[in-house]
Amino acid sequence: MGKETGFLELDRQDRTYGDASERLKNYKEFVIPLPAETLKAQASRCMNCGIPHCHTGCPVNNIIPDWNHLVYEDDYRNALEVLHSTNNFPEFTGRICPAPCEAACTLNIVDQPVTIKSIECAIVDKGWAEGWITPKIPAKRTGKSIAVVGSGPAGLACAQQLARAGHSVTVFEKNDRVGGLMRYGIPDFKMEKHLINRRAAQMEAEGVEFKTSVEVGVSVSVNSLKENYDAVVFAGGAEEARRLDIPGSELPSVRLAMEFLTQQNKRNAGDDELRAAPRGSLTATGKHVIVIGGGDTGSDCVGTSNRQGALSVTQLEIMPKPPVHEDKAMSWPNWPLKLRTSSSHEEGCERDWAVLTKRVIGDNDVNALECVRVEWKDGKMHEVPGSEFTLKADLILLAMGFTGPRKAGMLDQAAVELDPRGNVKADTEKYQTSDEKIFTCGDMRRGQSLVVWAIREGRQCARSVDEMLMGASELPR
């Protein structure tokens, strides 16, 4: 497996970033790939663990040691085959996945995990560059048809697997382009959208039909899908954003992060301002911006605000500041709680933790945000007396996560059972809802989660649909 002493001889070396002063001038990706020889050396560090925890750390169960070894042997083509055997879209995960596989790597015990994510991305990027990635057209068609609602990673993975099994698949997307939150929620500087277009073209060649600007539950009914297709898959994501319920939150410049990010992504795609911002332009240019929410969406708002020319950017988080270094004995090989600083934070941002927002100050629009510090005792939050403070604000972006799927329209029409958290109820064995003809996967079923989890669920759901329609399935789980 690789070089038996590689992990002893070589330190971890990962991709680097372009200079911040340059990358802030545009919305292009700025990660600098590792040279081929460096990748080979890094792949050699995979240490042939007795129990490779990276397998289970990765939600799609990527066969990581195998493709690390193949990269070490300069056999990228077979490495690509192994990678694609578990992951339909490694160019997505190789850019935007937080890499729980690396957290689970045995070498992470000494903070030197194998650069799994970078190697994964290099394999698939080389596959596209060399022309190795082509449509996989099934030898025969089954005559069965499936409607997949939603074209995020779960819907795309499910649709591609079903098409490769020989079924006729139609993907319905309410937006004007496919990709879901990958298209409009993730900034181009993290993942350029030609990557989605390229996969969509591959899927079309495999027989998948995309119907954009069609909202199921509005322009087409759930009943019509059930009548015209042999099965229906709900993969619409968890789009119901958590709101800020404090005085003044109704002011015009208190806005949802997804509206802000979507507008900029549409501009980057070439849309004019009327199409990109039908409710009016929302920009951070020349403004003091406060981002409420300390996760990835908040970080994306920080990077976008800086590119738009914000005067200042402050990110607030209600939870305490995590430790800089995790407790390995307590957390490894599971995902650790520790301080994570993104490239967007490094570009310029004030961050503050254990802060509760109390009131948005302003008459006709936002002028400031009143806050108070909190402490956590016995699992409960308590305001710290006398800790009130006020922040200057012209624009407040809400990036506090999502509470579940939208109910109005499709889910109300379908009348499928929901779980206690408000997600569509289905288990991870059959992915079947309370309506035996309707399946569900991804964030619509599990709640807000990662792209890599959505791909896993889409693949597993496809197998369950195939089994239901054909009595058996050769699709992998």
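This is a predicted model: local features need pLDDT of at least 70, side-chain atom pairs count only at pLDDT 80 or more; totals for chains, interfaces and linings use all residues.
I started with the open sheet: five strands, ordered 8-16-9-10-11, with parallel pairing.

Next I checked the edges. They are strand 8 (254-256) and strand 11 (350-353), each of which pairs on one side only.

Then I zoomed in on one pair. Strand 9 (residues 288-292) runs parallel to strand 10 (residues 312-317), and I find five bridges between them. Within that pair, Ile 290 sits opposite Thr 314 of strand 10.

What packs on the sheet? I have helix 14 (residues 257-268) touching strand 8 and strand 16 (395-398). Its direction makes about 70° with that of strand 8. Helix 16 (residues 296-308) lies across strand 9, strand 10 and strand 16, and runs at about 175° to strand 10.

Moved on to the nonpolar cores. The largest has 68 residues, and the members touching the most others are Trp 67, Ile 123, Met 182, Val 233 and Val 465. Which helix gives this core its largest share? Helix 21 (residues 451-470) does, with eight residues.

Ignoring neighbours within four places in sequence, I get contacts from Trp 67 to Asn 62, Ala 79, Val 82, Leu 83, Ile 116, Ile 119, Glu 120 and Ile 123.

Note on methods. Residues are numbered from 1 along each chain as its sequence is written. Side-chain values use heavy atoms; hydrogens and water are left out. A nonpolar core is a set of buried Ala, Val, Leu, Ile, Met, Phe, Trp, Tyr and Cys residues joined through side-chain atoms within 4.5 Å. Buried means under 20% relative accessible area, exposed over 50%, partly exposed in between (1.4 Å probe, protein chains only). Helices (H or I, at least four residues) and strands (E, at least two) are DSSP runs, numbered from the N terminus. Contact means heavy atoms within 4.5 Å. Two strands pair if DSSP finds at least two bridges between them. Axes are lines fitted to C-alpha atoms, for helices over the stretch in contact, and angles run from 0 to 180 degrees between N-to-C directions.
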